[in-house]
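Please open the model in a viewer and keep the sequence panel at hand.

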Amino acid sequence: MEHDCSLASGSSGCISERQNSIITTGKNKSRIHCADDSLAGAVSQRACVFCGARVVLNPITDAIHLVHGPIGCATYTWDIRGSLSSDSEMYRHSFSTDLKEKDVVFGGEPKLAACLDEVISKYHPPAVFVYSTCVVGMIGDDIIAVCKDASERHGIDVIPVESSGFLSGNKIVGYRAAAEAIMKLIRPKPGEVIEKTRKLNFLGEYNLGGEKWLIERYLNEIGIEVNVAFTGDSTVAALKQAPGSCLNIVQCTGSMHWVANNLEKEYGIPYMDVNFFGAENTADSLRRIAAFYGDPEIIRKAEVLIERELARITPIIAGYRKKLTGKRAAIYVGGAFKAVALIRQMKDLGMEVVVTGTQTGKQEEYETISGLLSEGTIVVDDANPAEIEKFLLDMKVDVMAGGVKERVLAYKLGIGFVDHNHDRKECLAGFDGAVTFAREVYITTCSPVWKHLKESIGGV
Amino acid sequence: MPEGEVVHTAGKINPVKTCQPIGAMYAALGIHRCLPHSHGSQGCCAYHRMHLTRHFRDPVLASTSSFTEGASVFGGAANLKTAIKNVFEIYKPDIIAVHTTCLSETIGDDLPTIIKQSEVPEGKVVIHANTPSYQGSHITGFSNMVKAMVTYLAARDEETIRKKRVNIIPGFVNPSDMREIKRITSSLGVDMIMFPDTTNVLDSPLTAKYDMYPEGGTTVEEIRDTGNSRLTLALGAWSSNAAGAALMEKCGVPCVPLKVPIGLKATDDLIMTLKEKFDAVVPDDLTLERGQVVDTLIDTHFHYQGKKVAIYGDPDIVVPLVEFVLTMGMIPKYVITGTPGKAFEEQVGAMIEEAGIEDYIVKAEGDLFDLHQWIKEESVDLLIGNTYGKYIARTEDIPLVRVGFPILDRAVHPLMPITGYKGCLRLIEMISNALLERRDRDCLDEDYELVL
Ligand code: SF4
């Protein structure tokens with residue numbers, strides 16, 4: 001039965017202007033519109049440029065992240081990631097210039113300079129990132145100059161991140177701002193030489209729930225060392241060693257392809273895309289990394305590890321698969337990289353993926369996604385809650401993977417939910433992560449609580 | 001952490017407040033069939049929705065003008081007009097409550113004019129509040145939006161005599177608290193209009209159906225009719241006084257400012273005011289509840305009496321909380337709020353001094369860095385405040401009782417009132433248990449007791 005949106009009766013896709021942002025695989029060949037700005041008056045799920053920059057840089061654990069703007073931006077992004085640190089907890093503090101009306105009228109530069117002096121002399125951080133927000137962009141504070149002055153005064157890196165929210169309605173612009181900040185940080189000072197090593201950099205890995213640590217364990221076991229991850233559990237000093245690697249592996253492509261390209265251009269480091277979500281992807285990534293090194297011992301050890309881990313987890317996953325086969329899943333996440341990985345994992349669990357959407361997917365990525373899905377699946381860009389609701393009900397979804405705003409919505413509809421957002425707390429990468437993911441999907445899809453829901457609605 | 005110097009003067013480190021628009025958004029959700037609209041770029045709106053969602057664990061919808069560079073240069077009028085048209089067409093609310101963000105405030109968009117020029121369907125309304133984030137805090141934003149409800153909607157019908165009814169402005173509190181205040185008022189047999197009212201909006205049950213506009217919220221018609229009520233109670237000076245004063249000025253409804261009824265005295269004050277102004281009879285049930293609170297205070301006083309406590313959060317919650325912990329014989333050693341206002345320091349300081357306590361610090365516009373520094377100098381036995389205090393709680397090994405906004409790491413709190421006599425019992429329970437659990441955890445084997 002067609003389910004109407006709870007809002008606009010009659011409008012089938014809810015908002016006719018958004019028709020082009022929704023496709024059904026197999027049915028229409030039209031290309032999805034995804035780079036459009038959100039419609040004024042739409043209830044967009046998208047975040048902002050500043051948010052994009054902050055989520056990428058925040059896991060640099062010993063730096064001070066100073067948000068130059070009114071208080072809100074700093075409060076909302078205070079420790080919102082599940083990125084773990086093996087040492088400094090500095091990144092969990094929230095620093096803000098807390099701009100007041102006076103600053104907005106007369107300019108916020110003096111206050112920024114004062115804040116920098118204060119936090120640097122109090123905490124002695126190895127570097128400070130200064131994020132510009134909407135208002136700062138509007139009033140035209142020259143944060144580049146203020147950062148440069150402070151940097152000279154204190155003899156540390158004070159790096160401006162140009163992330164004014166109104167620059168675009170898209171987080172990707174923020175990823176780019178973060179990427180530029182990273183490149184600035186790691187560029188060796190004149191005369192400084194970074195020695196080349198056989199280590200690799202792990203790009204687009206944020207150590208959510210300790211994921212970086214897990215993958216590093218695998219790599220160490222097969223004889224490969226990680227130089228530094230961008231930016232999970234990284235320190236300023238470690239990042240500065242980045243140019244000394246022989247390979248960059250890139251996990252979150254959305255945030256890190258630009259960096260990888262530039263590392264290749266500036267330091268001649270090649271890169272390859274990897275994906276450690278799901279057992280198959282993990283095995284495949286390890287094999288390709290080993291092949292890059294071309295060392296028979298590394299290749300052999302990789303095979304041993306893969307065989308051992310698969311033997312260990314396959315029966316466990318098969319157990320969950322038995323419970324989950326035939327269930328219907330929806331995915332709505334930030335980036336396409338995550339969506340692709342999730343589709344594979346859901347399918348591995350015997351589930352059918354019937355709805356897939358992202359906030360920031362690109363044209364090519366949507367094509368990849370569509371290729372993975374069977375006919376009749378809905379693919380949507382920048383969906384609003386009304387659309388999500390409609391698709392979840394129309395497609396009779398049992399479980400959804402998404403972020404915090406989708407969680408409560410799914411629950412209200414009586415649908416299970418797994419978190420796959422940048423603030424999740426569980427390690428979902430690698431072989432162990434595949435098991436954790438299966439368990440999470442199982443727990444929520446097959447929770448006994450749904451039985452009570454059906455009873456209470458059926459009016460027992 | 002740096003040694004020696006303990007004050008910092010520029011900016012905030014670990015803030016205990018956030019920006020105005022989120023307060024306005026929360027207030028707007030307390031109007032029936034209202035879609036809050038954020039006039040600015042979409043990031044802010046996404047943050048505010050997410051933060052409220054995390055606290056209430058319920059869906060929070062709001063639309064945005066989706067500013068990009070164009071709007072920032074040429075002004076947001078076109079965006080807002082399109083948004084208003086789209087929202088009424090697509091989402092069909094009864095009312096749109098627009099608030100600004102730092103961006104649209106900095107540009108200086110003239111909202112009243114833009115709204116006048118917008119296409120608003122027959123019978124629908126658009127109201128607005130200016131909520132520049134570089135002034136005040138989320139509490140200021142809440143207050144501004146509640147005031148806008150009055151200035152846009154409230155009206156006095158000359159012919160009718162004033163209705164024997166009270167307007168209650170509950171302040172920035174959880175739905176459960178609003179529910180409790182309504183329960184107390186109706187148990188006194190007094191008619192009321194509460195606005196805003198987020199009960200049945202942000203504490204709605206699971207039905208496997210998603211209602212964009214749940215059952216709750218004050219209707220536009222009710223807010224209009226507040227102008228015909230006999231009295232307004234403004235609970236919480238920072239969140240409610242401005243609206244109460246506006247209603248007095250616009251429609252001549254007298255306003256009694258009271259504290260948010262947290263603790264024995266503030267609850268008594270609410271009940272006594274209603275009793276006096278409406279010749280109401282206090283029902284036996286309420287008298288019984290009060291007696292239970294006093295009885296419990298006696299049963300448990302030795303758990304907490306003389307313990308030092310640090311309290312932080314929103315002024316309208318913190319002020320009556322301080323009053324209550326003083327009733328309990330505790331020592332409020334450090335008290336901060338992020339919201340500006342000298343009145344806070346004066347009011348809290350006076351209460352503490354009246355209780356004969358000399359050694360204390362109160363600060364408005366403070367942050368958790370300040371609090372942490374003070375605690376390092378001289379520690380306390382207990383922290384009371386929102387989730388953000390958990391870092392101090394862990395570093396300094398002090399139990400934390402979670403009260404206020406936001407609570408991001410625990411559930412059920414939006415459904416459990418801290419107001420009224422029931423709220424007193426809950427606060428006593430939380431405070432006592434936190435201290436007793438700490439004792440059980442830390443004591444020597446020989447002091448580990450079954451009965452405490
Ligand atoms: S840009 Fe302004 S309104 Fe938006 S979140 Fe930041 S402080 Fe709040």
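Select Tyr411(A), which is partly exposed because its relative accessible area is 28%; the class lies between buried, under 20%, and exposed, over 50%, with a 1.4 Å probe and protein chains only. The model is a predicted one, in which local features need pLDDT of at least 70 and side-chain atom pairs count only at pLDDT 80 or more, whereas totals for chains, interfaces and linings use all residues. Residues are numbered from 1 along each chain as its sequence is written, chains are lettered from A and ligands numbered from 1 in the order in which they are written, and side-chain values use heavy atoms, with hydrogens and water left out.

Phe417(A) counts as buried at 3% relative accessibility.

**Aromatic pairs**

Over all chains, the structure holds 18 aromatic pairs. Rings of Phe, Tyr and Trp (its six-membered ring) pair if their centres lie within 6.5 Å; planes under 30 degrees apart count as stacked, over 60 as edge-to-face and the rest as tilted. Now select Phe202(A) and Phe276(A), an edge-to-face pair with 5.7 Å from centre to centre and 75° between the planes. Which parts of chain A does this pair tie together? Phe202(A) belongs to strand β6 (residues 200-205), and Phe276(A) to the loop between β9 (271-273) and α11 (279-293), so the pair joins parts that are 74 residues apart in sequence. Helices (H or I, at least four residues) and strands (E, at least two) are DSSP runs, numbered from the N terminus.

In chain B, select Tyr26(B), Phe56(B), Phe142(B), Phe172(B) and Phe405(B), which ring pairs link into a cluster.

**The ligand**

Move to the ligand, which lies between chains A and B. Display the residues around it, near meaning that a heavy atom lies within 4 Å. From chain A these include Pro70(A), Gly72(A), Cys73(A) and Tyr76(A); from chain B they include Cys19(B), Pro21(B), Cys44(B), His48(B), Thr101(B), Cys102(B) and Ser133(B). Colour α2 (71-76) of chain A and α2 (42-56) of chain B, each of which supplies at least two residues of the shell. The largest share, 3 residues, comes from α2(A). By class, the shell has 7 nonpolar, 4 polar and no charged residues; Ala, Val, Leu, Ile, Met, Phe, Trp, Tyr, Cys and Pro count as nonpolar, Asp, Glu, Lys and Arg as charged, and the others, Gly among them, as polar.

**Further stops in chain A**

Select Phe391(A) in helix α15 (residues 385-394); this residue is buried, with a relative accessible area of 7%.

Finally, show chain A whole: it contains 18 helices and 14 strands, and buried residues make up 64% of its 460 residues. Colour by pLDDT, the predictor's confidence in each residue, from 0 to 100. The mean for chain A is 85, and 85% of its residues reach 70 or more. Over residues 1-15 of chain A the pLDDT is below 50, and this stretch has 35 contacts in the model beyond near neighbours in sequence, a contact being heavy atoms within 4.5 Å. Residues 26-37 of chain A also have pLDDT below 50, with 26 such contacts. Where pLDDT is low, the predicted coordinates should not be read in detail.
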